Each structure stands twice: as structure tokens, then as C-alpha cells.
Amino acid sequence: GLSKDHRNGSKDYTDAKTKIYVYSLKRNKWNEVGKNSGTTEPEPCPRFAHMLVYDSRKKLHYMFGGNPGAGSPIERGTDMDRRLDDFWCLRIKRPAFGDMKRALQFLVRKYKFRDMSLRDPV
């Protein structure tokens with residue numbers, strides 16, 4: 001199985017994390033998605049040996065089951081052989097063009113004002 005060390009039959013529970021990263025080719029850097037989104041929505045616990053599929057027509061990710069990962073609230077005080085039976089759906093949304101444009105205009109104006117005030121203090 002995915003969770004056994006085949007050499008000696010012992011369990012190898014990796015440090016599973018609940019994180020999603022996006023790679024930027026321009027910056028040559030990985031960025032964590034949703035780190036400070038401010039949402040209070042529930043999220044799945046860290047896990048491994050789960051099923052994850054992507055529906056390209058609906059642009060949705062679906063995740064089912066798995067084993068609780070190390071550090072998971074479910075893992076503490078329970079049997080590590082436990083299988084999860086939960087089902088999750090993830091839709092990654094892009095901001096609308098107008099929202100991005102407004103946010104960028106604000107940042108440009110903010111830094112221009114800051115630059116002007118540092119060069120010519122009153």
C-alpha cells in the first residue's frame with residue numbers, strides 16, 4: 001500500500017499538509033494559494049493516500065477519503081490506520097479583470113504618493 005514501508009512492513013506516515021501551491025514561470029517561484037484569504041470556510045484536514053480528480057469541463061477538483069496526516073486534528077488520539085470517508089470540492093476562482101485593475105491602480109497611486117512624499121517632504 002501507499003502507507004507501508006515494504007522493506008520492514010512498518011508504517012511510514014509522512015508529514016501531510018493541507019496546502020495548495022501555484023508555480024509562477026515569470027518569477028520562478030511557488031506561492032501558497034489562499035494563505036490569507038480571510039475565509040472562515042471549513043477545509044479538509046491534512047491527509048495522504050486520498051483520491052483527487054479534476055473535472056476540466058466544470059473546472060473543479062474533487063477529493064475523497066485518505067488517511068489522516070501527521071498533525072491533523074483527526075490524527076491526534078486516534079488509530080493511524082483509520083480511513084477518512086469525507087468528500088471535498090475545490091473551485092479556484094480568479095479575480096475579475098476590473099477588480100484586478102482597480103487594485104493595481106490603487107497600488108500604483110499609493111507608491112507614487114509615497115515616493116513624492118519621501119522626495120519632497122513639506
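Strands, in these legends, are DSSP runs of E with at least two residues, numbered from the N terminus. Every view shows a predicted model, and residues are numbered from 1 along each chain as its sequence is written.

**View 1. The loop between β4 and β5, with K59.** K59 lies in the loop between β4 and β5 (60–68), and these two strands form a hairpin with four residues between them. Five bridges join β4 to β5, and the two strands run antiparallel; one of the facing pairs consists of D55 and, opposite it in β5, L60. Although K59 is not a glycine, its phi is positive, at about 60°. Most residues other than glycine have a negative phi. K59 counts as exposed because its relative accessibility is 55%, and exposed means over 50%.

**View 2. The loop between β3 and β4, with A49.** A49 is found in the loop between β3 (47–48) and β4 (51–55). Its phi is near 60°, a positive value in a residue other than glycine.

**View 3. Strand β5 and its partners.** Seven of the nine residues of β5 are buried, so that the strand is mostly covered. Two bridges join β3 to β5 in an antiparallel arrangement, and within this pairing F48 has N67 of β5 as its bridge partner. β5 is also joined to β6 by five bridges, again with the strands running antiparallel, and here Y62 has C89 in β6 as its bridge partner.

**View 4. N67 and its side-chain contact.** N67, placed in strand β5, counts as buried because its relative accessibility is 5%. The side chain of N67 makes a polar contact with the side chain of R83, at 2.6 Å.

**View 5. The aromatic pair of Y62 and F87.** The structure holds one aromatic pair. The ring centres of Y62 and F87 are 5.8 Å apart and the ring planes lie at 20°, so the pair is stacked, the cut-off for stacking being planes under 30 degrees apart. The pair links distant parts of the chain, with Y62 in strand β5 and F87 in strand β6 (residues 84–90), 25 residues apart. F87 itself is exposed, with a relative accessible area of 55%.

**View 6. P46 beside G69.** P46 lies in the loop between β2 and β3 and counts as buried, because its relative accessibility is 16%. The C-alpha atoms of P46 and G69 are separated by 4.9 Å, although the two residues are 23 residues apart along the chain.

**View 7. The second largest pocket.** About 480 Å³ of space lies in this pocket. The elements that give two or more residues to the lining of the second largest pocket are β1 (21–24) and β2 (29–32), and the largest share, three residues, comes from β1. Among the lining residues are V22, Y23, S24, K26, R27, N31 and E32, and the lining also includes V33, I92, R94, P95 and M100. By residue class, the lining of the second largest pocket divides into six nonpolar, two polar and four charged residues.

Methods
This is a predicted model: local features need pLDDT of at least 70, side-chain atom pairs count only at pLDDT 80 or more; totals for chains, interfaces and linings use all residues. Side-chain values use heavy atoms; hydrogens and water are left out. On a 1 Å grid over the protein atoms alone, a cavity is a set of points where a 1.4 Å probe fits but cannot get out, and a pocket is an open set with protein on both sides within 12 Å along at least five of seven lines; lining residues have an atom within 4 Å of a point. Grid points are joined across faces, edges and corners, and a volume is the space filled by probe spheres set on the points. Ala, Val, Leu, Ile, Met, Phe, Trp, Tyr, Cys and Pro count as nonpolar, Asp, Glu, Lys and Arg as charged, and the others, Gly among them, as polar. Buried means under 20% relative accessible area, exposed over 50%, partly exposed in between (1.4 Å probe, protein chains only). Rings of Phe, Tyr and Trp (its six-membered ring) pair if their centres lie within 6.5 Å; planes under 30 degrees apart count as stacked, over 60 as edge-to-face and the rest as tilted. A polar contact is a pair of N or O atoms within 3.5 Å; within protein, one must be able to donate a hydrogen and the other to accept it, and residues adjacent in sequence count only if both atoms are side-chain atoms. Two strands pair if DSSP finds at least two bridges between them.
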